[in-house]
Amino acid sequence: MNLDLVIFDMDGVIFDSEKVYYEANQIAADKLGMDYSLAYYKQFIGAGTDAMRAQMIEDYGGDAQLIDDFLRISEENVHPLVEAGELKLKPGFVELSQYLQANDIAYTLASSNYKSEIEFFLEHTDVDPASFETIISADDVVEAKPAPDIFNKAWKKSGAPAKEKTIVIEDSFNGIKAANNAEIPVIMVPDIIQPTEKQRKTTVAILDDLISVREYLKNNY
């Protein structure tokens, strides 16, 4: 096996969470009378809350209070949606993680989300945090994706294996850019955003789901 480490993004890769975030955002937008759409939301996938806040303030006429209210109401609605069972594991995560464990391949979580949210999601989906070599969150780095910080820190804390023996699994354009900037090979598993020719050139593979990732790793490593 010529693979030492797999680095998972979380939102849209391990969890089908983008649907939960968008639903929470739409609840907030409706409450505040804001024009908001899935097409608009897509640009923020993988970028982190700070980048989203800054862009939305600019787009909504500089009204920082409106955006802060929007983010607060959105956040207040995420946990109830998760507790109601709206957060699902992406198909194939269990099978892929079992395959990695069986082959002594370490795997790590590297997310633009905050550690408290990561822990909440893992707890409410019965995913054991201890199964990950390490967990890196937005709290651990200065620059969010597409900066390479999150992936470089995850890679380093996981023993810094050769980068050609490391794979990042991502769903977002920002995440792919972050992996490219970290010079770590990346597989895209599209979620809400579909790949363009650019992503085909900057990834080692674009695969339909995590079951396909397992088969790809079996056949190529």
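**View A. A salt bridge joins lysine 90 and aspartate 16.** In this predicted model, the side chains of these two residues meet with an N to O distance of 3.9 Å. The cut-off for a salt bridge is 4 Å. By that rule, one salt bridge is found across the interface of domain 1 and domain 2.

**View B. Polar contacts cross the interface of domain 1 and domain 2.** Seven residue pairs are in polar contact here, with both residues of each pair at pLDDT 80 or more. On the side of domain 1 that touches domain 2, helix 6 (residues 115-124) gives the largest share, four residues. The residues of that side divide into seven charged, six polar and nine nonpolar.

View C. Domain 1 brings 22 residues to the contact, and domain 2 brings 19.

**View D. About 1600 Å² is buried between domain 1 and domain 2.** Carbon and sulfur atoms give 57% of this area. Of the area that domain 1 buries against domain 2, 32% is supplied by Leu87, Phe120 and Ile192. No other three residues of domain 1 supply more.

Key. Residues are numbered from 1 along each chain as its sequence is written. This is a predicted model: local features need pLDDT of at least 70, side-chain atom pairs count only at pLDDT 80 or more; totals for chains, interfaces and linings use all residues. Side-chain values use heavy atoms; hydrogens and water are left out. Contact means heavy atoms within 4.5 Å. Buried area is the accessible area (1.4 Å probe) that two parts lose on being put together, summed over both. A polar contact is a pair of N or O atoms within 3.5 Å; within protein, one must be able to donate a hydrogen and the other to accept it, and residues adjacent in sequence count only if both atoms are side-chain atoms. Helices (H or I, at least four residues) and strands (E, at least two) are DSSP runs, numbered from the N terminus. Ala, Val, Leu, Ile, Met, Phe, Trp, Tyr, Cys and Pro count as nonpolar, Asp, Glu, Lys and Arg as charged, and the others, Gly among them, as polar.
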